[in-house]
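Take a look at the sequence and the model below. This report walks through a few residues, a helix, a core and a pocket.

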Amino acid sequence: GLAGLILSLVALAVSPSFVWAMGARFAMGLLNGNTAVGKATIAEICATDRVAFAMGLSSFQWSLGAIFGPIIGGLLANPTDKYPWLHEVVVGPFLERFPFLLPLAVPIILSTAVL
């Protein structure tokens, strides 16, 4: 589940070609069945009078991700083009070679922290 998501995100972040990126994205969908497990866990561990509220929170977090995810990803994608001063730091050439590493680092770090 979560380990497969992390590995797929890393593979997507350092993908050298479109085919590699599609393979990583396919693996991400194949290995990540966390939503169904999460909803089943909510139904099992919550008191019956709080299940609806907990399911609502689950839907709310998806909505927040749909709103803020593209904003954060857009600000962090292709960082060396948007922020020229990054060429001067040590990771600048690495970020230039992998322009989507920085936006994908956010979910990689968050998922690793939860693991």
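## Isoleucine 42 and its partners

Isoleucine 42 touches Val51, Ala54, Met55 and Ser58, leaving out residues up to four places away in sequence. Contact here means heavy atoms within 4.5 Å. Isoleucine 42 is found in helix α3. Helices are DSSP runs (H or I, at least four residues), numbered from the N terminus, as are strands (E, at least two). Isoleucine 42 is buried, with a relative accessible area of 18%. Buried means under 20% relative accessible area, exposed over 50%, and partly exposed in between (1.4 Å probe, protein chains only). Glutamate 96 is 54 residues from isoleucine 42 along the chain, and their C-alpha atoms are separated by 42 Å.

Serine 58 is found in helix α4. Serine 58 is in contact with Lys39 and Ile42, leaving aside its neighbours within four places in sequence. Serine 58 is buried too, with a relative accessible area of 12%.

## How the model is read

This is a predicted model: local features need pLDDT of at least 70, side-chain atom pairs count only at pLDDT 80 or more, and totals for chains, interfaces and linings use all residues. Residues are numbered from 1 along each chain as its sequence is written, and side-chain values use heavy atoms, with hydrogens and water left out.

α1 has twelve residues. From its first C-alpha to its last, α1 reaches 16 Å, close to the 16 Å expected at 1.5 Å a residue. That expected span is 1.5 Å times one less than the number of residues in the helix. Gly4, Leu5, Ile6, Ser8, Leu9, Leu12 and Ala13 of α1 are buried. Their cover includes α2 and α7.

Which residues have the most contacts inside the largest nonpolar core? They are Leu9, Leu12, Ala13, Met28, Leu101 and Leu104, in a core of 13 residues. The elements that give two or more residues to this core are α1, α2 and α7. α1 gives the most, with four residues. A nonpolar core is a set of buried Ala, Val, Leu, Ile, Met, Phe, Trp, Tyr and Cys residues joined through side-chain atoms within 4.5 Å. Leucine 9 is in contact with Met28, Leu104, Pro107 and Ile108, leaving aside its neighbours within four places in sequence.

## The largest pocket

The largest pocket has a volume of about 1,200 Å³. Of the 30 residues that line it, the closest to its centre are Leu5, Trp62, Gly65, Pro107 and Ser111. A pocket is an open set of points on a 1 Å grid over the protein atoms alone, where a 1.4 Å probe fits, with protein on both sides within 12 Å along at least five of seven lines; lining residues have an atom within 4 Å of a point. α4 supplies the largest share of the lining, eleven residues. By class, the lining has 19 nonpolar, ten polar and one charged residues. Ala, Val, Leu, Ile, Met, Phe, Trp, Tyr, Cys and Pro count as nonpolar, Asp, Glu, Lys and Arg as charged, and the others, Gly among them, as polar.

Serine 111 is found in helix α7. Is serine 111 buried or exposed? Serine 111 is buried, with a relative accessible area of 10%. Leaving aside its neighbours within four places in sequence, serine 111 is in contact with Leu2, Leu5 and Ile6.

How values were computed
Points joined across faces, edges and corners; volume = space filled by probe spheres on them.
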